[in-house]
Amino acid sequence: MNMDFDAVYYEPDALNYKLGLALQSKYADLPWIQIESHNRIPEMTAAPNQDFPKLKNHLIIGTRKTHRYVPNHKVSDWLVPYTSSGCKAMCLYCYLVCNYNKCAYLRLFVNREQMLDKLLKKDSEASAPQTFEIGSNSDLVLENMITDNLLYSIERFSREGRGKLTFPTKFDMVNPLLNLDHKGKTIFRMSVNPQEIIQRIELGTSPLRARIHALNDMAEAGYPVGLLIAPVILLPDWKRLYGELLDQLADELSVKVKQSGFIEIILMTYSFVQNAINTEAFPNGTQLLDRETMTGRGRGKYSYRNDIREEVESFLRERLSQKLKTMPILYIS
Ligand code: SF4
């Protein structure tokens, strides 16, 4: 993964935090440009859509000021805004583009102590231990390469938390996590797609084989694990692609993952905003908006038609019952 940046945009207050100072010395060779707020960088908002890949080369550093938790009912109880938002990779369907438009570059928030304090308080005040999804705004395995925030979070939560942390990833850089004292309180979820889709659509993420190895390694290190088949993208030969993916998973996932892991499946949604940016920034990229199979869901969003979703669901359930029958499917959405 290319982790080179060309400039750092920073809120001055970030340098009052230990992590802010560490980043200042780590990226001392780059230009540092002061900003008023990570949410308002006028030159980036005004940039044309075709500059989207260039904007992804910037690193933004600030503090997270709002910490609103959203109730969730899948693997976790809460979606938590955590130590970063945005990402350096460029998956063509990235849901963060819906939220941040072309400003979906990586923003690091250096006040991690405050964020974890709040999370631990919520966990301790609840009537039962809670599960917190900390990776819904970015990819924390990628972020961890810069900040070591997962090391901090997993170890501190293992000592002080009652419930669980969880996050998904599309990256394989898990070596720093393998020897942590996690006490089984972090659920690691690896997102997978056919290698052809990774290459064409999940630009800048880890290859499938490396992701499978990383998932095996995390299970071996004692983490609870899950497999996220997401987002399912219906290219014209999707049955071949996903059939082969399941064959490969059946061959390469370890016994431990197969016996202890669970499966989540999410079909792709897409939006007018993503389509506008992709059309200008990646004119030769794979077209994801398919008016034959997709239907509008309001507010510029598209998802696959219900009859097509049913076909995909029964295809995947049938194949999974043959290939990975020991892994429960938590949901298909
Ligand atoms: S890895 Fe995740 S956060 Fe990063 S671009 Fe892809 S979908 Fe978005």
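Predicted model: local features only at pLDDT ≥ 70, side-chain atom pairs only at ≥ 80, totals over all residues.
With which residue does Lys54 form a salt bridge, and how far apart are the closest N and O atoms? The partner of Lys54 is Asp51, and the closest N and O atoms of this salt bridge lie 3.6 Å apart, while Lys54 itself counts as exposed at 54% relative accessibility.

**Salt bridges**

- Across the whole structure, a search finds 20 salt bridges, and the pair of Lys54 and Asp51 is one of the salt bridges described here.
- Side chains of opposite charge can pair when their charged atoms come close.
- Glu196 forms a salt bridge with Arg240, with 3.2 Å between the closest N and O atoms; this pair links distant parts of the chain, since Glu196 sits in helix α9 (residues 195–201) and Arg240 in helix α11 (residues 238–252), 44 residues apart.
- Both members of that pair are partly exposed, Glu196 with a relative accessible area of 31% and Arg240 at 36% relative accessibility.
- Arg240 also forms a salt bridge with Glu244, again with the closest N and O atoms 3.2 Å apart; because Glu244 and Arg240 are four residues apart in helix α11, about one helical turn separates them.
- Glu244 counts as partly exposed, at 43% relative accessibility.
- Taken together, Glu196, Arg200, Asp237, Arg240 and Glu244 are linked in a network of salt bridges.

**Cysteines**

- The search of the whole structure finds zero disulfides.
- For Cys103, the closest cysteine sulfur is that of Cys94, and the two sulfur atoms are 13 Å apart, which is too far for a bond, given that a disulfide requires cysteine sulfur atoms within 2.5 Å.
- Both of these cysteines are buried, Cys94 at 14% relative accessibility and Cys103 with a relative accessible area of 10%.

**The open sheet**

- Eight strands form an open sheet with mixed pairing, and their order is β4-β5-β9-β10-β11-β13-β14-β18.
- The edge strands of this sheet are β4 (70–71) and β18 (329–332), each of which pairs on one side only.
- Within the sheet, β11 and strand β13 (residues 225–232) run parallel and are joined by five bridges; Met190 has Leu227, in β13, as its bridge partner.
- Helix α7 packs on the sheet, where it touches β10 and β11, and the direction of α7 makes about 150 degrees with that of β10.
- Helix α10 (residues 208–220) likewise packs on the sheet, but touches β11 and β13, and the direction of α10 makes about 165 degrees with that of β11.

**Helix α7 and its surroundings**

- Helix α7 (residues 149–160) has twelve residues and reaches 16 Å from its first C-alpha to its last, a span close to the 16 Å expected at 1.5 Å a residue.
- The buried residues of α7 are Asn149, Leu150, Tyr152, Ser153, Ile154, Arg156, Phe157 and Ser158.
- The elements that cover these buried residues include the helices α1 (18–26), α5 (112–125), α6 (140–147) and α8 (175–178), together with the strands β10 (164–169) and β11 (186–192).

Note on methods: Residues numbered from 1 in each chain as written. Heavy atoms only, no water. Helix = DSSP H or I, 4+ residues; strand = E, 2+ residues; numbered from the N terminus. Expected span 1.5 Å × (residues − 1). Buried < 20%, exposed > 50% of the residue type's maximum accessible area, 1.4 Å probe, protein only. Contact = heavy atoms within 4.5 Å. Salt bridge = Lys/Arg side-chain N within 4 Å of Asp/Glu carboxyl O. Pairing = 2+ DSSP bridges. Axes fitted to C-alpha atoms, helices over the stretch in contact; angles between N-to-C directions.
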